[in-house]
Amino acid sequence: SGNIHSRLHEAWKTASEGSGLNGNGEPKAPIDLSILRDALDDLAREIREWAGRPDAPILMSIDQAEELMRANVESASALADYLRAATLSGSAWRLALSIRTDSFAEIQRHPRFSNLEMSSIDLRALPHYRFLEVIERPAALYRVNLAPELVDALIEDAAAQSGDALPLLAFALQRLWDQHAPARKIS
């Protein structure tokens, strides 16, 4: 956590020493991605060892990745460089970035994402008729009893939202889980 952040940030500073940083904390010239790749390889080795899975790929998921192009801080530049290093051939890392549709064209042109090989998958908003499954399947998996009237209310509230209601539904379910999971009953 904090130790990992410090290690990765120090490796990024070392990799960017030759290029210098501009006023936004971004390297003036391309940085040495091999240093970042080595830092990621070390972290991957630790994660795989901890999980007992020496050959497993590691998924790095970043929600709202469009925020990386709006942040004028050094850590955003560092993360973008690490994403680039993670895509190098033979890397243990797999990336999944969620980006709002209205930001996709802008992110493709942004310098932090230049030379980052990406392919896109268009994930549309989940239709409301699938919300029942989204609510009940995880509850069944964890043997949590959900009150039917609660399920009905969650679906009704989600259906009343304009646009994609899934993030709001996920937030509500997480809060309910945090408050009631030990009892294995949410009503």
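This is a predicted model: local features need pLDDT of at least 70, side-chain atom pairs count only at pLDDT 80 or more; totals for chains, interfaces and linings use all residues.
Residues are numbered from 1 along each chain as its sequence is written, and side-chain values use heavy atoms, without hydrogens and water. Local features need pLDDT of at least 70 and side-chain atom pairs count only at pLDDT 80 or more, while totals for chains, interfaces and linings use all residues.

Glu136, Glu149, Asp152, Glu156 and Asp157 form a negative surface patch. Residues in such a patch have over 30% relative accessible area and no salt bridge, and like charges are joined within 9 Å. Areas come from the Shrake-Rupley method with a 1.4 Å probe. Helix H7 (residues 148-160) contributes the most to this patch, with four residues; helices are DSSP runs (H or I) of at least four residues, and strands (E) of at least two. Glu156, in helix H7, is exposed at a relative accessible area of 60% (exposed is over 50%, buried under 20%, partly exposed in between).

Arg48, in helix H2 (residues 33-51), is buried but has no salt bridge (a side-chain nitrogen of Lys or Arg within 4 Å of a carboxyl oxygen of Asp or Glu). Its nearest side chain of opposite charge, Asp55, is 5.6 Å away.

Most residues other than glycine have a negative phi. Arg143, however, has a positive phi of about 55°. Arg143 lies in the loop between helix H6 (131-141) and strand S3 (145-146) and is exposed, at 71% relative accessible area. Arg184 also has a positive phi, near 60°. Arg184 is in the loop between helix H8 (166-180) and strand S4 (185-186) and is partly exposed, at 41%.

Methods:
Patches are made of residues with over 30% relative accessible area and no salt bridge: like charges are joined within 9 Å, nonpolar side chains (Val, Leu, Ile, Met, Phe, Trp, Tyr) within 5 Å. Lys and Arg count as positive and Asp and Glu as negative; His and the chain ends are not counted. The place of a charge is taken as NZ of Lys, CZ of Arg, CG of Asp or CD of Glu. Buried means under 20% relative accessible area, exposed over 50%, partly exposed in between (1.4 Å probe, protein chains only).
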